[in-house]
Amino acid sequence: MHRTLLPVVALLLWAGALDARLLSTPIPTTTASLGFEYHDDSVRALHLKFFDHLVEQQVANIFKLVLRGAYEARQRHQKLEYTHDHPRHERPVVLDVGMNSGFYTMLSASLGARVYAFEPQVFCVGIVRDLIRTKNLHLAPLIEIHNMGLGTTGVVAVPKRSVCDGHFGTDGIPAVEDVEDLNEETVAIPIVDPQLLLPLWFRNVTLVKMDTEGAEADILKHLLPFVEAGRIHHIVVEIMPSQWINRASSLNAGLRTIKRLAALSKRVIALTDPRVITGGVPRADTEEIGGPTYEEFDLEGLIRDRHERGGACNVWFSFV
Ligand SMILES: *[C@@H]1O[C@H](CO)[C@@H](O)[C@H](O)[C@H]1NC(C)=O
């Protein structure tokens, strides 16, 4: 081995060992054992993303916890054995907002949920549809993909070219309704108020996963009435406050929404974070999530910190 590579390899091995030590239930890099195929060397977005970072594994573990709970409750109350043949209305419902390359959409369907996925980027939608059609056809009946964003109704310009990285529009992050970036390399994609998507709301939504590079403050504001009505049971969200202003929300409006969500929550858990979680956080390692998590932390302080320093944090709100 070339000697200059040794430190790099050692670091990778160390990082791998650290992950393995922290995780009680590590999710394998290959997803075969989860019942779907994700990885594809021929597609760049799927080549680079294994979803094996600790925080991604924690999110995947939350899906398993929440959706497993839904099956068990159903089995207890209805004495039904869970299979993919059950009609739609008996399944937990997942909204995957910011589907990206589809890992959590396919994971949810593989766990038996009915999934509604939202993704403005046309290339992401294409690769996930291909993955389902070519490798995961058994999941197709459970997944509905919408090539749109959620939030304050408007239009956004996204690239036609083959990228699936969340960066689109002016400097990567456009304001909603800012279509100055529409040109021959982009395509106009609608942003739709979730209240207009009525068929989704005939039933409760078990889990909303949101990873939207700053659009979450605006989207959460529109989901708040459903949370208040008890129709959404869990939200796992990547919060990126420094980008709120570029995606239809001010810092204060976003803070108001998130404080209201926290007030409605039975539990608020921050997931693992390479930066310090501000506010004198007691750390509660929740074995089932795997790795460090934080409760009773200063949520506003955390958001203000990320607003000033940039970057993101991941929070799980439980309303049931
Ligand atoms: C929806 O969830 C609420 C709890 O938040 C529950 O009281 C209600 O029965 C649920 N409705 C259905 C149709 O499952």
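This is a predicted model: local features need pLDDT of at least 70, side-chain atom pairs count only at pLDDT 80 or more; totals for chains, interfaces and linings use all residues.
**View 1. An open sheet of seven strands.** The strand order is β3-β2-β1-β7-β8-β10-β9. Pairing in this sheet is mixed. At the edges stand β3 (143-146) and β9 (267-270). Each of these edge strands pairs on one side only. Neighbouring strands here are turned by 15 degrees against each other on average, direction ignored.

**View 2. The pairing of β7 with β8.** Strand β7 covers residues 207-210, and strand β8 covers residues 234-239. The two pair in the parallel sense. Three bridges join them. Look for valine 208: isoleucine 235 in β8 stands opposite.

**View 3. An open sheet of three strands.** The order is β4-β6-β5, and the pairing is mixed. The edge strands are β4 (149-150) and β5 (154-159). Each edge strand pairs on one side only. Strand β6 spans residues 186-192 and runs antiparallel to β5. Six bridges join β5 and β6. Valine 156 has isoleucine 189 in β6 as its bridge partner.

**View 4. Helix α5, from end to end.** How far apart should the ends of α5 be, at 1.5 Å a residue? The 14 residues of α5 should span 20 Å. The end C-alpha atoms of α5 are 20 Å apart, so the two values agree. Several residues of α5 are buried, among them Phe123, Cys124, Val125 and Ile127. Val128, Leu131 and Ile132 in α5 are also buried.

View 5. Isoleucine 132 lies in helix α5, which covers residues 122-135. Is isoleucine 132 buried or exposed? Isoleucine 132 counts as buried because 22 other C-beta atoms lie within 10 Å, and the cut-off for buried is 20 or more. Not counting residues up to four places away in sequence, isoleucine 132 touches Leu137, Leu139, Ala140 and Ile143. Now find tyrosine 38. Isoleucine 132 and tyrosine 38 are 94 residues apart in sequence. In space they are 9.0 Å apart, C-alpha to C-alpha.

**View 6. Alanine 248, a residue with a positive phi.** Most residues other than glycine have a negative phi. The phi of alanine 248 is near 70 degrees. Alanine 248 is found in the loop between β8 and α7 (251-264). Alanine 248 counts as buried, because 24 C-beta neighbours lie inside 10 Å.

**View 7. Glutamate 296, with a positive phi in a loop.** The phi of glutamate 296 is near 55 degrees. Glutamate 296 is found in the loop between β9 and α8 (299-309). How many C-beta neighbours does glutamate 296 have inside 10 Å? There are 14, so glutamate 296 counts as partly exposed.

**View 8. The whole protein, for orientation.** The protein has eight helices and 10 strands. Of its 320 residues, 41% count as buried. Take the contacts with a separation of 6 or more: 73% of them are between residues 24 or more positions apart.

Technical notes
Residues are numbered from 1 along each chain as its sequence is written. Two strands pair if DSSP finds at least two bridges between them. Helices (H or I, at least four residues) and strands (E, at least two) are DSSP runs, numbered from the N terminus. Axes are lines fitted to C-alpha atoms, for helices over the stretch in contact, and angles run from 0 to 180 degrees between N-to-C directions. A residue is buried if 20 or more other C-beta atoms lie within 10 Å of its own, exposed if 12 or fewer, and partly exposed in between; C-beta atoms are placed from the backbone. Two residues are in contact if their C-beta atoms, placed from the backbone, lie within 7 Å. The expected span of a helix is 1.5 Å times one less than its number of residues.
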